[in-house]
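Student: Can we go through this model together? I have a few quick questions.
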Amino acid sequence: MFRLGEHVKRLFDSCKIYRREIPFSTQDFQEAILETIRVNQLEHCYIRPLILCGTGSLGLNPLEAPTECFILVWEWGRYLGEESVEQGVDVCVSSWNRAAPNTFPSMAKVGGNYINSILIKMEAVTSGFAEGVALDGQGLISEGSGENIFLVHNEKLYTPSLGNAILPGITRDSVITLAKERGYEVLEQSLPREMLYLADEIFLAGTAAEVSPIRSVDHIVVGDGKRGPITTQIQQDFFDYIEGKVEDRHSWMTPVYKEQRVQSS
Ligand code: PMP
């Protein structure tokens, strides 16, 4: 499984922001995730660990409420559609913005933030798009409803910074690492909306969406409307890594079953 430790760490970090103590160590939590996959005998699955404030007062102070943990695992096809990874998807810029600074912490992966994601996604889907891209509170590019975004312009990669109301995606971090290994410059910075219309290539990155090319934004074709060469290369590197086809040079892989081997040096 891919970058389990980082996923669990982000969960614990999210709880830290919300002052919620977790009565387990990160190691125990990781082992519980692996065990849940094993007892369900799944080979490919999506995992959604949830940490909740349990029963307590109906007031707004959750500090006394007990912590409850759930681990959901299930098989899931391609999040943005079967063809998305090769053909790319059509997206729109959402009329809903991401949360303004100092309102809802974007760096936390918490259920409450997904109310905003749901609005973005429903608007996109009812308008005939696969996904919506949100701008931040200042009108700069932020991210998709459940993915980070990368733009390729003049052979450089651009992605919004942590200051643009994004969730710091683990796939985003993996893409940055893999792209730099290929010698590309990757710039994490504020980006104006119009870069979406001028980029040579654009792709989404997330655990569910994996690396999915965008072929149009607001009906404006990106590049030549097909998966571009840099997206293709990064996507290949990403899939080779998560499928265990290359050496696990960053120690990103955790074996789930005893007989499973991760390729290591
Ligand atoms: N942004 C948002 C809002 C998300 O929900 C996700 C999916 N967890 C991502 C970005 C991508 O994060 P990751 O690569 O860690 O899945």
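This is a predicted model: local features need pLDDT of at least 70, side-chain atom pairs count only at pLDDT 80 or more; totals for chains, interfaces and linings use all residues.

Student: Start with Gln30. Which element is Gln30 in?

Tutor: Gln30 sits in helix α2, which covers residues 26–39.

Student: And is Gln30 buried, exposed or partly exposed?

Tutor: Partly exposed, because its relative accessible area is 21% and the buried class stops under 20%.

Student: What does Gln30 touch, apart from its neighbours within four places in sequence?

Tutor: Gln30 is in contact with Leu4, Gly5 and Val8. Take Leu4: 26 residues separate Leu4 and Gln30 in sequence, and their C-alpha atoms are 7.0 Å apart in space.

Student: New topic, the second largest pocket. What volume does it have?

Tutor: The second largest pocket has a volume of about 290 Å³.

Student: How many residues line the second largest pocket, and which lie nearest its centre?

Tutor: The lining has 13 residues, and Arg10, Asp13, Met107, Pro168 and Ile170 are the ones nearest the centre.

Student: Which element gives the largest share of that lining?

Tutor: Helix α1 does, with six residues of the lining of the second largest pocket. At least two lining residues come from each of α1 (4–17) and α5 (170–181).

Student: What's the lining of the second largest pocket like by class?

Tutor: Seven charged residues, four nonpolar and two polar.

Student: Where is Asn102, and is Asn102 buried or exposed?

Tutor: Asn102 lies in the loop between β3 (89–93) and α4 (114–126). Asn102 counts as exposed because its relative accessibility is 82%, and the exposed class is over 50%.

Student: What about phi of Glu210?

Tutor: Glu210 also has a positive phi, about 55 degrees, without being a glycine. Glu210 belongs to strand β10, residues 210–217.

Student: Is Glu210 buried or exposed?

Tutor: Buried, because relative accessibility is 16% for Glu210 and the cut-off is under 20%.

Student: Last one, Thr231. Where does Thr231 sit?

Tutor: Thr231 is in helix α7, residues 229–242. With 1% relative accessibility, Thr231 counts as buried.

Student: What does Thr231 touch, not counting residues up to four places away in sequence?

Tutor: Thr231 touches Glu201, Phe203 and Pro213.

Terms used: Residues are numbered from 1 along each chain as its sequence is written. Side-chain values use heavy atoms; hydrogens and water are left out. Helices (H or I, at least four residues) and strands (E, at least two) are DSSP runs, numbered from the N terminus. Buried means under 20% relative accessible area, exposed over 50%, partly exposed in between (1.4 Å probe, protein chains only). Contact means heavy atoms within 4.5 Å. On a 1 Å grid over the protein atoms alone, a cavity is a set of points where a 1.4 Å probe fits but cannot get out, and a pocket is an open set with protein on both sides within 12 Å along at least five of seven lines; lining residues have an atom within 4 Å of a point. Grid points are joined across faces, edges and corners, and a volume is the space filled by probe spheres set on the points. Ala, Val, Leu, Ile, Met, Phe, Trp, Tyr, Cys and Pro count as nonpolar, Asp, Glu, Lys and Arg as charged, and the others, Gly among them, as polar.
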